[in-house]
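The sequence and structure are shown first, and the discussion follows.

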Amino acid sequence: MTQRLTVIKGDGIGPSLVDATLKVFEKLKLNFQYDFVEAGIEAHAKHGELLPASTLNSIATNKICLKGPLTTPVGEGFKSMNVTLRQKFDLYVNLRPALSFPGVVSRYENIDLITIRENTEGLYSGEGQIVEGDHAEAKSVVTRQGSERIVRYAFEMSRKLGRKKVTVVHKANILKSTSGLFLKVAREVAAQYPDIQMQEMIVDNCCMQLVMNPYQFDVIVTTNLFGDILSDLAAGLVGGLGMAPAANIGKDIAIFEAVHGSAPDIAGKNIANPSSVMLAGAMMLEHMGYLKEANKITTAVKDVINKKDRITKDLGGTYGTTDFTQAVLERL
Ligand code: NAD
């Protein structure tokens, strides 16, 4: 039976990077059938809705989605459709690996760390947003159940991958209720995994430690906002957002995307690095059980970068998205 996938091409640089990734799938002779659906600004323009029922139905049916970034207005306007999708499908795990590829010009080499971000709660709960004149409020929601399942995921994944250490990042010294509960639950869960070292770290110190000595980290697990920020920081250790893929995982539905956004500053210029979405595509294939094909993508991207064959500007090259894509396709 042909596997059906949902594809949201997204905004800004999204469509060009998603198209590049679909070309890679085609070259690998993965005969997927695609439901191309919209979300966010494009969906609103076409259907008068930010998240049409057809989009939600397609994801609910196919259970796997490849997604480009979606633009969210800053400071005002509609709620992020990224956050909405994660909450609607209860995609509570945001898995964001930061892996050094040989040949990437960066301050560091041999980085290999994974940020596991709680994806549905915290300050991104969207609850209690109030603006009254010069007074604004937002509610942060942390639950035992939400904390337990994400910390357990981090430890289970670490055990499966043979990783040795999980750093629980929090701000329980100040945010005593929310971050306090997260840390309390994390300690309880960690006690059930004596084979894996658990380290606690306050988020501000973690930022400094990540820059000073990133090699001390293996797996980081943290709440929504901290995970969002730390994973961009981690991407900066391995060559930038062009090298950073991500997965949003729930019980039986998963959405794969880049860590980055729609990058309006470079949209339409054919200069974005497609590795982020290609590597997210590889994560998706791995999740679906296509291990050989996933490995082929990662190996091809690695080789293009290592040989500096038609690499994009962010990697120190002079070539465009389409040239980079061609170099990857030639290796498959
Ligand atoms: P961004 O992640 O889009 O871009 C940050 C910087 O990284 C920019 O300088 C950009 O040019 C660069 N960059 C990003 N991807 C790149 C790539 N593949 N190759 C080379 N350079 C790359 O962040 P932003 O500009 O703050 O956000 C733009 C929009 O994206 C906002 O509306 C934001 O809400 C949205 N956003 C969406 C997602 C998502 O869909 N998951 C994630 C983050 C931000």
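Which elements are included in what covers the buried residues of helix 10? The cover includes helix 1 (14–27), helix 9 and helix 11 (321–331). The model discussed here is predicted.

**Helix 10**

Helix 10 comprises 16 residues, 291–306. From its first C-alpha to its last, helix 10 reaches 22 Å, close to the 22 Å expected at 1.5 Å a residue. Its buried residues are Glu293, Ala294, Ile297, Thr298, Ala300, Val301, Val304 and Ile305. These residues are on the same side of helix 10, because they cover an arc of only 160 degrees around the axis. An α-helix has 3.6 residues a turn, so residues three or four places apart point the same way.

Leu291 and Lys292 are exposed, and they are carried on the face of helix 10 turned away from its buried side. Just after helix 10, Lys308 takes a positive phi of about 50 degrees.

**The ligand site**

The ligand is surrounded by 24 residues, of which the closest are Leu70, Thr72, Gly261, Ala263 and Asp265. The protein buries 70% of the 820 Å² that the ligand exposes when taken alone.

A side chain also takes part: an N or O atom in the side chain of His260 is 3.3 Å from a nitrogen atom of the ligand.

**His260**

His260 is placed in the loop between strand 12 (254–258) and helix 9 (275–288). Its relative accessibility is 10%, under the 20% limit, and His260 therefore counts as buried.

The side chain of His260 makes a polar contact of 2.8 Å with the side chain of Ser276. Beyond its neighbours within four places in sequence, His260 is in contact with Ile13, Leu17, Pro69 and Leu241 as well as Ser276.

**Thr2**

Thr2 lies in the segment before strand 1 (4–8). With a relative accessible area of 40%, Thr2 is partly exposed.

Which residues does Thr2 contact, leaving aside its neighbours within four places in sequence? They are Asn31, Phe32 and Gln33. Asn31 is 29 residues from Thr2 in sequence, while their C-alpha atoms are 6.6 Å apart in space.

Key
Residues numbered from 1 in each chain as written. Predicted model: local features only at pLDDT ≥ 70, side-chain atom pairs only at ≥ 80, totals over all residues. Heavy atoms only, no water. Helix = DSSP H or I, 4+ residues; strand = E, 2+ residues; numbered from the N terminus. Buried < 20%, exposed > 50% of the residue type's maximum accessible area, 1.4 Å probe, protein only. Polar contact = N/O pair within 3.5 Å; in protein donor to acceptor, adjacent residues only side chain to side chain. Contact = heavy atoms within 4.5 Å. Expected span 1.5 Å × (residues − 1). Arc of directions from axis to C-beta. Near = heavy atom within 4 Å. Areas by Shrake-Rupley, 256 points an atom, 1.4 Å probe, with all protein chains shown as cover.
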